[in-house]
Structure formats: C-alpha cells, structure tokens
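Please look through the structure shown here with attention to its pockets and its aromatic rings. The paragraphs that follow take these topics in turn.

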Amino acid sequence: MRRSRLRAVLGALLLTLLTLLGAVPGAAAAPAATTTPAVTTTPAVTTTTLPIQYHTDTAVDPVRRRLYIADRVSGSVVVTDFDGRIVRTLTGLPGAADLVLSPDARTLYVALSLGDAIVALDTATYRTKARHPTGTGAPTGPVRLALVDGTLWFSYGEQWESNLGSLTLGRRPAVRLAHLPPGTWPGPPLLLSSPTVPGLLIAADQHSTGGTVTVYDVTSGAPVLRTTKDNPGGISDVHDLALSPDGQTLFAVSGAPYHHLALRLADLSVEHVYPTGSYPTAVALSPQGTIAAGIDRSYGEDVFLFAPGADAPSQVVDLDPGAAPSLRPHGLIWSPDGTRLFALTGEYLAPLALHVIRP
C-alpha cells in the first residue's frame, strides 16, 4: 500500500510538471506573468537651432501664437511661431532676464537685469511702449518678474543684498524697492504668480542649498508672509516653479533629490512624488493638468509626461537621441491649448535648440 501510494503521489507530481511545461496534449500551459509598460508612446519632436547662446525665460502668446525666448547674454528676445520657425529677433535689451505677458497679450514685459529697468514691448509691432527705470547706484536690475493684480513684482540685487521690488502699472506707474528686510534672500529669488491664486506671490531660493520656498500675500501692496519652508521635500537650490491649473499644487524643481515633487500650496507639504531621474531642472503643466518633468541627463530620456497623481509616466521624450543635449533650467513651457510642449536645450555659449513636442 505504501509503494502504490508513493507511486500515485509521484505520478501526480510528474503530471503537474509536464502540464506546466506544456508537454501534455490538450493541457494549457500556465500563462506567463505580464507587466503593463509604464511608457505607452513617444511623441513627435521637431527641432530648430536658435540664433542665441543662452536662455533665461520663455513666454507664450496665445493670441498671435508666438513664443518669446529671452537671452540674458546677448540682450535679445527671439520670437518664433508655434512650429519653431523664427519670426524675429529683438535686440537692445541689456540683460534680458525674465518675461511676463500681459493678460490681454498686447504687452510683453522684459526685465533688463543689466539695464536697471523693465521695458514694455508692443506684441503687435515689437516697439517699445514704455521703459520703467528701477533705480540707480546699487544694482537694481530686475532678474525675475511676476504679475499679480496689476502690479509687476521683481527680484533684484546681489547675494544677501537682494530684495523684492514692485512696479504698479496704470496711468501713473510707480516703482518701490526694498519691500523685505535686508538679508531675507541670498540672491534674487525665482518668482511665480497665477490668476488662479489672486493676491499671492510665490518666491523660491535659487542661489543656495537652503531651498527656501515662501508664499506671500501681496493684496495690500506689500508682501505679507503667508507660509514658508526650508528644503520642502528635501530640495535645495530651486531651478523651476510651476502651479497646477487649479492653483492648489506647487511644483518646485531642484537638481536633487532625483525626482519631481508636488507640494500642497497651503502648507508646502509633499503631496506626490513623480519618478524621473538625475538631474531635475524644469517643470511645466498643461492647461489640462499634464505634468512635463524635465531632467538634465547626458544621454537618454529628457522629458517625462505624467497624468496628475500618476506613479509612472505616460510618455517620455529623448530630445536628441545619441547626443547629449542639456535641458535648460526653466526650459519647458506648454502652448495654451496643451497640444505642444516647447523645450530648450543647449550648453553655455553654444547655439540653443528649440524642440517642439507634440504629445
């Protein structure tokens, strides 16, 4: 009995093994484990070489379907269409450092970091409509701009003498400097604003490992601290800022840690982590909420597209396969309808490239 029982057990085990190997006629092999790929598609990309060698900011004109690209080194702004074709190059803008488009898209404001002024350009004629001096003597050249409820806020200065200034627009424009106590920032901070969060000005340290992010309430005409945090999510010097379409989520990008962070604007706590790689350098959100997360990687994928809250990208982009383009800090921006993503790559003092991505 024991031998027959042993033979029965061994026979059953052998039959099971043969079935798993597909050696028994009529027996279906066990299905192989499958995984759903994280990346489903690769968007089309077209590339244009630009007549500039540096990039500090980009603005999108939804009315004329134009892209404005500022070059601080040459003091110029390149104008292209949404297909990357160069329309015009605007010169005579010393230290063109940052760009802001008026809500009606009729005026382009350019921060002249080497000209101690903010200039207003007519987007129809490209002529200068106004020039607003920001002061003389100590460096007052504006480096970053943000428009909040009819007031242009700007960061300026050098090292711990940096500060915030404001230009009240209207019939009688007025400039005010030194809104903050001396030593508040170790350098002119990045600035961000959005109509979805009226009255708020967001600033971030781009010059030290402190990685401070601060939200000011500026409805009174002076910045009032609303919330601030050093190194939220572990970031250090901030390369880029972006807000979600609903204004509830802030993206702050730093070279490390090696992922893109979404922070709750209310308290700057971590809301979500988007896995990308080394070294995060840019972020942009489409009107539909798609997150474009860019990294400065020598070879391989440069841009990852995520749905809000996703743990894996839906698309990835290698901007120049086989080469080593450097995605510029603050070098991503969407078209107003979300059908195109613009990316800027290039090394210092080498021709820049504009990539038009069609997700």
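In this predicted model, the lining of the largest pocket is made up of 33 nonpolar, 11 polar and five charged residues. The space in this pocket comes to about 1500 Å³, and of the 49 residues that line it, L192, S193, S194, P195 and I333 are the closest to its centre. Several strands each supply at least two residues of this lining, among them β2 (57–61), β14 (190–192) and β26 (327–334), while β10 gives the most, with five residues.

The second largest pocket has a volume of about 340 Å³, and Y54, T56, R72, R144 and Q206 are the closest to its centre among the 17 residues that line it. Its lining divides into six nonpolar, seven polar and four charged residues, and the largest share of that lining, three residues, comes from β26. Y54 also takes part in another contact, in which the charged end of R328 sits over the ring of Y54, 4.6 Å from the centre of that ring.

Turning to the rings, the structure holds five aromatic pairs. One of them joins F82 and F342 in a tilted arrangement, with 5.4 Å from centre to centre and 55° between the planes. This pair links distant parts of the chain, since F82 lies in the loop between β4 (76–81) and β5 (86–90) and F342 lies in strand β27 (residues 341–345), 260 residues apart. F82 is buried, with a relative accessible area of 4%, and F342 likewise counts as buried, at 2% relative accessibility. F154 and Y156 are both buried, and elsewhere ring pairs link F251, Y274 and F306 into a cluster.

Definitions and conventions:
Residues are numbered from 1 along each chain as its sequence is written. This is a predicted model: local features need pLDDT of at least 70, side-chain atom pairs count only at pLDDT 80 or more; totals for chains, interfaces and linings use all residues. Side-chain values use heavy atoms; hydrogens and water are left out. Rings of Phe, Tyr and Trp (its six-membered ring) pair if their centres lie within 6.5 Å; planes under 30 degrees apart count as stacked, over 60 as edge-to-face and the rest as tilted. Helices (H or I, at least four residues) and strands (E, at least two) are DSSP runs, numbered from the N terminus. Buried means under 20% relative accessible area, exposed over 50%, partly exposed in between (1.4 Å probe, protein chains only). A charge sits over a ring if NZ of Lys or CZ of Arg is within 6 Å of the ring centre and within 35 degrees of the ring normal. On a 1 Å grid over the protein atoms alone, a cavity is a set of points where a 1.4 Å probe fits but cannot get out, and a pocket is an open set with protein on both sides within 12 Å along at least five of seven lines; lining residues have an atom within 4 Å of a point. Grid points are joined across faces, edges and corners, and a volume is the space filled by probe spheres set on the points. Ala, Val, Leu, Ile, Met, Phe, Trp, Tyr, Cys and Pro count as nonpolar, Asp, Glu, Lys and Arg as charged, and the others, Gly among them, as polar.
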